[in-house]
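Colleague: I am new to this structure. Please take one part of it and walk me through it closely, then show me what else is worth a look.

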Amino acid sequence: MDSTATDRFDTERFEAGRTRLASLAYRLLGSAVDAEDAVQDAFLHWQAADRQRIKVPEAWLTKVVTNLCLDRLRSAQARRERTAGAWLPEPLLDGDPMLGPADTFEQRESVSLAVLTLMERLSPHERAVYVLREAFSYGHAEIAEILDITESASQQHLHRARHRVTAARRRGGEVDLASARRIVEEFLAAASSGHTERLVALLTDDVIAISDGAGLAEKLLRFDTPQRVAAVARAGFKPTPAKRRLAGGMPAIHYAVVNGTPAILTVVGDQVVGSVTFDITGGRIATVRGIAAPARLIRLAEAWRQHEPDTPLISQW
């Protein structure tokens, strides 16, 4: 095989695993844009490597991508952005290949916005061990090889990560999406009509609402009582000319599934300009996350344009 054919064959081997690598990077970084950059950097490493000496390409590439992501998590810029309270995971539309694998509850949960947010409390090594074990079913010996640590250290990192994620998690088990949709529709109807009592009844006593302020605020906006969340929802879903100008037109509001959880999307034409996701437990809403910063919606908006949406919940907001 000549060098050109060898390069083509090796490129095809890399591309065959690109989706899996991107899924790994997304779980580690919480950002589709950063995940794509990390995978592209891994491709450059792959091209520069002596590939004939690489016995198991999948393992080699997993190690490269994982460590590239850890470098990003440790970088000074990432620490500033994430500790400043201005960071939320990038939401992805249901069916996005970057959300895979999704065969088990643990795999699906590891890509939920709730767990991606909680993983910010973990050290980079804890986060990597948690993802490699829970989402990709690697054994501790394999994880130790990927991270250049001992098996005992891998086990300890996993124990701490599981404890921290479980202790802070605000919901348990999987949500029935049909029931969740009814709750979300009730929430939207109550918020848009101004029925505060009905809104409060839909919320847990310890509900939290988080918003990125459409990217206009320096820090995330947080609201933490049913009354405050209801008031914010009423104000947020009240249409005004100023909001329509900011959105770029008269939006429609659609139901969607984002990162495995129920959501409503604000759409102008074929452009998603806002995403609100809901964590639901015991038939009530425990967490509301509003994301409208354009940079966080790029991939979701691209997926939406290729999506055949249901009839909007509100056709002209």
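**The hairpin and its surroundings**

Modeller: Start with the hairpin formed by β3 and β4, which has two residues between its strands. Asn 259 sits in the turn, and its phi is positive, about 50 degrees. Keep in mind that this is a predicted model.

Now follow the two strands. β4 covers residues 261-268, and its pairing with β3 is antiparallel over seven bridges. Ala 256 has Ala 263 in β4 as its bridge partner. Ile 253 stands opposite Thr 266 in β4. In general, strands of a sheet pair through backbone hydrogen bonds, either parallel or antiparallel.

In β3, one side carries Ala 252, His 254, Ala 256 and Val 258.

Go to the loop between β1 (203-211) and β2, where you find Asp 212. Is Asp 212 buried or exposed? Asp 212 is buried, with a relative accessible area of 3%; the cut-off for buried is under 20%. Leaving out residues up to four places away in sequence, Asp 212 touches Leu 88, Ala 217, Leu 220, Gly 290, Ile 291, Ala 292, Ala 293 and Arg 296. Arg 296 is 84 residues from Asp 212 along the chain, yet their C-alpha atoms are separated by 9.9 Å.

The helices come next. α4 spans residues 57-74 and α8 spans residues 124-134. Two packed helices are described by the angle between their axes and the distance between the axes. For α4 and α8, the angle is about 145 degrees and the axes are 10 Å apart. The crossing is right-handed. From α4, the contact uses Thr 62, Thr 66, Leu 70, Leu 73 and Arg 74. From α8, Pro 124, His 125, Arg 127, Ala 128 and Leu 132 meet them. Five of the contact residues are nonpolar, three are polar and two are charged. α4 has 18 residues and reaches 26 Å from its first C-alpha to its last, close to the expected 26 Å. Its buried residues include Thr 62, Thr 66, Leu 70 and Leu 73.

Finish with α2, residues 18-29. α2 has 12 residues and reaches 16 Å between its first and last C-alpha, close to the 16 Å expected. Nine of the 12 residues are buried, so α2 is largely enclosed by the rest of the structure. Among them are Leu 21, Leu 24, Tyr 26 and Arg 27. Gly 30 follows α2, and its phi is positive, near 70 degrees.

Note on methods
Residues numbered from 1 in each chain as written. Predicted model: local features only at pLDDT ≥ 70, side-chain atom pairs only at ≥ 80, totals over all residues. Heavy atoms only, no water. Axes fitted to C-alpha atoms, helices over the stretch in contact; angles between N-to-C directions. Helix = DSSP H or I, 4+ residues; strand = E, 2+ residues; numbered from the N terminus. Left-handed = near helix turned anticlockwise from the far one by under 90°. Contact = heavy atoms within 4.5 Å. Nonpolar A, V, L, I, M, F, W, Y, C, P; charged D, E, K, R; others polar. Pairing = 2+ DSSP bridges. Buried < 20%, exposed > 50% of the residue type's maximum accessible area, 1.4 Å probe, protein only. Expected span 1.5 Å × (residues − 1).
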